[in-house]
Amino acid sequence: MPVNQRHVKTTIQTLLHRASSDVRVRTKKKFPGSRSVGGKFSMGSRIITLYLQEIEEQCFQLFGSLRSVDDYFRIILAHEMGHAHDPLLEQLSDELDHCPQPLEAARLALRIEQNAWDYASELVPEVDRFVFEKIVQCSLEAYHERIQEAATTSSELEVIA
Ligand SMILES: [Zn+2]
């Protein structure tokens with residue numbers, strides 16, 4: 001049971017309306033690359049693109065079925081809207097682009113993702129909390145690992161609280 005086309009349309013309309021959002025959302029079948037990317041937000045054009053096949057695959061990988069795929073789709077959209085409506089996004093990505101320190105860069109990247117998840121959490125309170133938390137946890141895992149790695153390979157000794 002793939003993600004329901006009607007649900008896709010309704011969800012996009014509902015969330016854009018709920019957030020009084022100015023972004024445009026489009027869906028595509030597949031992400032053109034080897035990475036599994038479910039969605040992305042382009043700052044310049046303010047367009048969110050959602051990749052339906054990746055969303056289905058990720059959902060299946062994480063939950064072992066497509067039972068939660070409608071929630072999954074809604075959560076990914078809410079996350080991308082979190083990027084779109086993050087007042088600090090431009091500043092943080094600029095800092096990230098010019099950050100020579102791996103540890104600092106890893107922290108900035110995490111901060112950007114965390115901001116988007118905080119927004120998403122408030123935007124879609126109706127979704128299954130277990131599903132939501134599990135997606136967040138999985139998504140942030142790689143960022144926490146990067147921080148750990150950067151911290152242990154960092155030449156400067158630093159205490160991480
Ligand atoms: Zn993100």
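## Exposed loop residues

Serine 20 is exposed, with 7 other C-beta atoms within 10 Å. The structure is a predicted model, in which local features need pLDDT of at least 70 and side-chain atom pairs count only at pLDDT 80 or more, while totals for chains, interfaces and linings use all residues. Residues are numbered from 1 along each chain as its sequence is written.

Serine 20 belongs to the loop between helix 1 (5-18) and strand 1. Helices (H or I, at least four residues) and strands (E, at least two) are DSSP runs numbered from the N terminus. Although serine 20 is not a glycine, its phi is positive, at about 45°. Arginine 46, likewise not a glycine, has a positive phi of about 55°. Arginine 46 lies in the loop between strand 2 (39-42) and strand 3, and it is exposed, with 12 other C-beta atoms within 10 Å.

Three strands make up an open sheet in the order 1-3-2, with mixed pairing; strands pair if DSSP finds at least two bridges between them. Strand 1 and strand 2 are the edge strands, each pairing on one side only. On average, neighbouring strands of this sheet are turned by 20° against each other, direction ignored. Such angles run from 0 to 180 degrees between the N-to-C directions of axes, which are lines fitted to C-alpha atoms, for helices over the stretch in contact.

Four bridges join strand 2 and strand 3 in the antiparallel sense. Within strand 3, leucine 50 is the residue opposite glycine 39.

## Helix 2

Helix 2 (residues 52-63) consists of twelve residues and spans 16 Å from its first C-alpha to its last, close to the 16 Å expected at 1.5 Å a residue. The expected span is 1.5 Å times one less than the number of residues. The buried residues of helix 2 include Leu52, Glu54, Ile55, Gln58 and Cys59. These residues cover an arc of only 160° around the axis, so they are on the same side of helix 2; the arc is taken from the directions from the helix axis to the C-beta atoms.

The buried residues of helix 2 pack against strand 1 (24-28), strand 3 (47-51) and helix 3 (69-84). Helix 2 lies across strand 1 and strand 3, and runs at about 55° to strand 3. Just after helix 2, glycine 64 has a positive phi of about 75°.

Valine 37 sits in the loop between strand 1 and strand 2 and is partly exposed, with 17 other C-beta atoms within 10 Å. Its C-alpha atom is separated by 6.3 Å from that of glutamate 54, 17 residues apart along the chain. Not counting residues up to four places away in sequence, valine 37 touches Phe31, Tyr51 and Glu54; two residues are in contact if their C-beta atoms, placed from the backbone, lie within 7 Å.

## The nonpolar core

In soluble globular proteins, nonpolar side chains tend to be buried together. A nonpolar core is a set of buried Ala, Val, Leu, Ile, Met, Phe, Trp, Tyr and Cys residues joined through C-beta atoms within 7 Å. The largest one has 27 residues, of which Leu50, Ile55, Tyr72, Ile75, Leu77, Ala78 and Met81 touch the most other members. Helix 1, strand 3, helix 2, helix 3, helix 5 (102-123) and helix 6 (129-153) each give two or more residues to this core. Helix 3 provides the largest share, nine residues.

Leaving aside neighbours within four places in sequence, isoleucine 55 is in contact with Val3, Gly38, Leu50, Tyr72, Phe73 and Ile76.

Definitions and conventions:
Buried ≥ 20, exposed ≤ 12 C-beta atoms within 10 Å, placed from the backbone.
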